[in-house]
Amino acid sequence: MASRVIPEDMLELARRYRDRPYAPYSRFRVVSVVRGESGRLYVGVNVENASYGLTVCAERVAIFNAVTEGERRIREVLVYALDSDEPVFPCGACRQVIAEFSPDGSAIVYAYSAKTGKWGAALLRDLLPEAFKLETSE
Ligand code: THU
């Protein structure tokens, strides 16, 4: 586990978006904030669908927003869970997506429970050792 505390600017942005998750099926609301190489922050929320498998996690929405704005490296990822007593770390699919933009695994992932204030932090390389890489990727 990395021991860095969660940056206040990331927590503050997540709090501002606490009403934005669309999670009528699971009622498990998540906001994610990522920091790109430029230092700028990007936000995403989970967006569910009546066809459950089409749901997209908050982390992927945040990362895709960052990439859309021109970022190609992700430095930090916050997972801000509104309905869980325990902090939650990204699912396997999201870990692979973070790896795409943190090829050396140095991205710091913070997990935070808005219900209890419990939190944790870990490096991507510890959450997803041996991430899949395609030699031709950017
Ligand atoms: N979810 C996220 O958005 N991020 C996570 O790290 C864990 C899971 C969402 C997906 C789904 O909408 C709901 O939480 C329950 O799995």
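This briefing describes the ligand site and the cysteines of a predicted model. Local features require pLDDT of at least 70 and side-chain atom pairs count only at pLDDT 80 or more, while totals for chains, interfaces and linings use all residues. Residues are numbered from 1 along each chain as its sequence is written, and side-chain values use heavy atoms, with hydrogens and water left out.

**Ligand surroundings**

**Polar contacts (pairs of N or O atoms within 3.5 Å)**
- In the side chain of glutamate 48, an N or O atom is 2.5 Å from an oxygen atom of the ligand.
- Glutamate 59 places a polar side-chain atom 2.5 Å from a ligand oxygen atom.
- Alanine 58 contributes a backbone N or O atom, which lies 2.9 Å from an oxygen atom of the ligand.
- Taken alone, the ligand exposes 380 Å², of which the protein buries 79% (Shrake-Rupley method, 1.4 Å probe).

**Cysteines**
- The whole structure contains 0 disulfides, a disulfide being a pair of cysteine sulfur atoms within 2.5 Å.
- Cysteine 57 is in no disulfide, and the nearest cysteine sulfur, that of cysteine 94, is 3.9 Å away.
- The sulfur of cysteine 91 is too far for a bond because the closest cysteine sulfur, in cysteine 94, is 3.8 Å away.

Conventions: Polar contact = N/O pair within 3.5 Å; in protein donor to acceptor, adjacent residues only side chain to side chain.
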